[in-house]
Amino acid sequence: MQLAWLEDSLHGPSAVGSLRGEGPTLADLAAVGVLYERLPDDDFQGALDRLKAARGYVAQDVIELRPDTPNLDGLLAKFKDEHLHRDDEVRFVLDGEGIFDIRGADERWIRVQVERGDLIVVPADLYHRFFLTERRQIRCVRLFKDAAGWVPEYRA
């Protein structure tokens with residue numbers, strides 16, 4: 001995982017982002033309710049099962065996005081603008097990489113680049129956006145309390 005502060009004017013997966021002072025920390029993510037863990041490759045399911053039991057997630061699936069995914073740009077367009085969900089957004093990265101821009105406690109953007117082995121939980125009702133990196137490939141385990149709660153609601 002890589003963390004950086006972004007200037008408000010920057011947007012998109014290739015936005016480099018200007019560091020403003022010290023970089024963000026896991027404490028900055030925790031301050032807005034984001035959970036991050038690095039899970040072992042050999043027993044990630046055990047860790048996910050414990051998370052499911054602790055937080056009430058009842059469904060699990062795997063999603064994969066690749067350059068040859070039909071309508072990839074259309075799918076990604078749904079998540080590039082600032083939005084929230086009424087359910088937690090839980091992702092454990094099996095392969096590839098992605099970018100979450102998350103609104104921090106003071107409304108500053110925190111850029112979180114996740115890769116294989118990273119678990120991130122973006123809590124319900126927290127504004128964020130999502131992009132793929134230049135690789136345009138990610139495969140993740142997703143956990144849900146209710147799949148209906150995972151519809152994006154865009155910030156006005």
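Strand S9, spanning residues 138-144, is mostly covered in this predicted model. Six of its seven residues are buried.

S9 pairs with two strands described here. Its pairing with strand S3 (residues 59-65) is antiparallel and runs over seven bridges. Within S9, Arg142 stands opposite Asp61. Strand S5 (residues 89-103) also runs antiparallel to S9, and six bridges join the two. Here Leu143 of S9 is the bridge partner of Val90.

The largest nonpolar core comprises 21 residues. The members that touch the most others are Val34, Phe100, Ile102, Val112, Ile120, Leu132 and Ile138. Another core lies apart from the largest one and holds twelve residues. Leu39, Leu48, Val121 and Leu143 are among them.

The mean pLDDT is 90, and 88% of residues reach 70 or more. Among the elements, S7 has the highest mean pLDDT, at 98. The lowest, 88, belongs to strand S10 (residues 153-154). Where pLDDT is low, predicted coordinates should not be read in detail.

Notes:
Residues are numbered from 1 along each chain as its sequence is written. This is a predicted model: local features need pLDDT of at least 70, side-chain atom pairs count only at pLDDT 80 or more; totals for chains, interfaces and linings use all residues. Side-chain values use heavy atoms; hydrogens and water are left out. Buried means under 20% relative accessible area, exposed over 50%, partly exposed in between (1.4 Å probe, protein chains only). Helices (H or I, at least four residues) and strands (E, at least two) are DSSP runs, numbered from the N terminus. Two strands pair if DSSP finds at least two bridges between them. A nonpolar core is a set of buried Ala, Val, Leu, Ile, Met, Phe, Trp, Tyr and Cys residues joined through side-chain atoms within 4.5 Å. pLDDT is the predictor's confidence in each residue, from 0 to 100.
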